[in-house]
Amino acid sequence: MVRRFLTTAAVVGLVLQPVGHAAARASWAEMPESYQPEDDLERGLWLQMDEYERGLKSSRTVIHDEALNAYVRSVLCKTVGEAECAPIRLYVTHTPHFNASMAPNGIMQIWSGLLLRTQNEAQLAAVLGHEFAHFEDRHSVKLFRDAKSKSNAASWLAFTGIGLIASIGLLGSIFKFSRDQERLADKGGLQMMARAGYDTREAAVLWEQILDEGDATRVGRGKKVKKRSTKSGLFASHPASAERVAYLREQSLEQPGTPHQNGADAFKVAMRAWWPVFLDDQLKMNDDGASEFLLDSMAKANGWTPWLNYGRAELQRRKGTPADLELAVRYYSEAIADGGDLPELWRGRGLALRKLDRDGEAAGDLRRYLMQAPDAADHAMITMILGGIE
Amino acid sequence: MNKFIGASAAAALFFSAATPALAGWKLIDNGEPVKVAKSAMVVTPGEDWNRWSVRPVKKSEIWTLDGINLNEMYFVSGLKKGETLYKDANKKAQPLPKFDGSMDLTEVPEFMESSIRLALNTSAFTTTNVAPTTLGGHQAVRFEYEYSIDGSPLLRKGMAVGSIVNGELHMISYTAPATYFYDRDLAKAERIMASVRF
């Protein structure tokens with residue numbers, strides 16, 4: 001069983017399958033609770049997916065927080081419908097990339113990196129609706145059958161249950177969704193958003209942000225930004241991205257949903273406790289370009305809160321040049337001035353000041369950190385450093 | 001791209017496409033001082049260990065008692081500015097952080113945490129008990145950590161000691177499943193770390 005992760009640029013839809021032709025969507029009423037396997041091969045696949053789910057249930061990366069799970073489920077049910085969402089088993093996993101997936105047996109996985117990147121409920125609904133549309137159209141099953149007829153026995157064996165869920169990106173052309181299939185799921189997602197009363201423009205906004213973040217990553221690593229075309233080339237690796245923004249924007253004109261209803265406030269409340277955690281995960285990804293981009297876009301929506309200032313201060317401190325350290329000190333100070341009371345603010349500023357040879361100020365900050373966080377994981381280490389500069 | 005083979009989280013840090021098909025093992029005798037990680041670092045183990053022929057980075061070395069999934073010592077010595085702690089197997093999409101000699105000791109745990117999070121693609125990682133110590137007579141930082149990989153119920157615990165001497169990182173880490181193995185072999189690992197001479 002070989003798993004590969006999908007990169008940040010991984011497309012939400014990668015995990016699900018396309019319909020071979022633009023068939024009318026199967027209505028929910030025609031489907032049993034969820035699609036049932038039809039032959040031995042599929043039954044084998046189902047067993048593997050069930051096994052995968054058993055693993056997922058005991059996985060330490062699954063976030064069990066009741067409030068968070070209840071909130072994501074409420075958005076799912078509001079978007080796809082109460083009856084439709086009932087059989088879906090939802091798992092929020094602690095994984096720092098932008099991705100969501102849904103398997104044909106009804107397992108839906110939302111990665112925490114997605115929740116850091118969606119800025120309001122409507123954007124989350126866009127992703128959930130997209131995934132559900134793939135599921136409802138039985139895209140995975142079609143892909144599975146399609147692969148069966150196309151590939152040889154050896155590659156077929158590699159196509160295990162877990163492969164069906166997470167490895168589609170790596171298996172390349174045979175298993176990729178076609179553009180039509182992605183488009184269909186996007187369209188389905190948009191319909192659901194509109195029906196649920198969200199502003200459908202948010203779908204295009206989300207995808208645009210993801211593209212911009214990818215650019216920021218490349219710039220941060222000294223690479224060239226890829227040229228965007230709304231008409232994707234035959235061999236483009238992510239053909240749907242720029243094109244997707246364009247047609248989602250067009251479609252949202254036809255199907256606006258409820259303008260300005262994006263559920264930003266409810267989303268903010270639900271994410272309050274988790275943003276700092278997910279942001280911390282992101283800062284440890286060694287992807288400064290994307291981290292700065294995310295911090296900036298979160299600040300655009302919320303202003304520079306002490307948390308966001310702490311985030312960008314930590315980022316600058318880890319970069320480590322004198323200019324970065326000066327900036328870090330400034331951001332820590334802003335966070336403190338704005339009422340931030342996290343002890344790590346003084347720790348970070350103290351360590352940055354110490355590297356700038358401003359020992360006197362550093363000592364004051366580190367002393368305050370030790371006082372405020374007597375149980376800190378690095379209490380002993382900071383005590384030693386303080387001893388060295390006092 | 002990293003490959004994750006079954007639940008072998010520890011192994012995944014070290015496997016890559018370039019791993020030789022025939023990895024070999026060599027017995028390290030107890031009580032004998034032995035050079036590690038192709039460097040000036042010398043340690044004296046209190047019991048027999050097995051050295052793996054696979055080296056994730058040039059100046060590194062892996063030892064185990066029962067297999068690296070059960071107990072693993074990772075030695076890195078003389079890591080220079082710009083080098084990574086593990087093999088930078090997914091350099092394009094998800095490059096590992098690079099060491100910088102200007103780091104101070106408080107940044108060594110951060111450097112390792114970020115490296116493991118990226119190499120194993122997990123966010124379930126916590127660092128605890130960061131404290132001063134010495135390594136081969138040099139000022140060092142000792143810290144503990146625990147992590148799990150995506151889809152696995154297994155919690156791994158680890159303990160590491162790192163020191164920066166003349167802008168180069170020397171580090172030894174010990175990682176094992178939190179259940180049974182970590183506690184069983186911790187004292188052996190600590191003894192090896194305490195035996196370091198340069």
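Predicted model: local features only at pLDDT ≥ 70, side-chain atom pairs only at ≥ 80, totals over all residues.
Guide: Residues are numbered from 1 along each chain as its sequence is written, and chains are lettered from A and ligands numbered from 1 in the order in which they are written.

Visitor: What makes up chain A, in helices and strands?

Guide: Chain A has 20 helices and four strands. Helices (H or I, at least four residues) and strands (E, at least two) are DSSP runs, numbered from the N terminus.

Visitor: Why are α19(A) and α20(A) called roughly antiparallel?

Guide: The axes of α19 (residues 359-372) and α20 (residues 379-389) of chain A come within 10 Å and cross at roughly 150°. Axes are lines fitted to C-alpha atoms, for helices over the stretch in contact, and angles run from 0 to 180 degrees between N-to-C directions. Angles under 35 degrees count as roughly parallel, over 145 as roughly antiparallel, 65 to 115 as roughly perpendicular and the rest as oblique. The crossing angle therefore makes α19(A) roughly antiparallel to α20(A).

Visitor: Which residues of α19(A) and α20(A) meet?

Guide: Among them, Leu366(A) and Leu370(A) in α19(A) meet residues of α20(A) including Ile382(A) and Leu386(A). Two residues are in contact if their C-beta atoms, placed from the backbone, lie within 7 Å. Ala, Val, Leu, Ile, Met, Phe, Trp, Tyr, Cys and Pro count as nonpolar, Asp, Glu, Lys and Arg as charged, and the others, Gly among them, as polar.

Visitor: How many residues of chain B are in contact with chain A?

Guide: By that criterion, 37 residues of chain B are in contact with 30 residues of chain A. β8(B) gives the most to the chain B side, with six residues. That side has 16 nonpolar, 15 polar and six charged residues.

Visitor: What makes a set of residues a nonpolar core?

Guide: Such a core is a set of buried Ala, Val, Leu, Ile, Met, Phe, Trp, Tyr and Cys residues joined through C-beta atoms within 7 Å. A residue is buried if 20 or more other C-beta atoms lie within 10 Å of its own, exposed if 12 or fewer, and partly exposed in between. The largest nonpolar core has 73 residues, and Phe75(B) is one of those with the most contacts inside it. α2(B) gives the most to this core, with seven residues. Apart from it lies another core, of 60 residues, including Tyr52(A) and Leu116(A).
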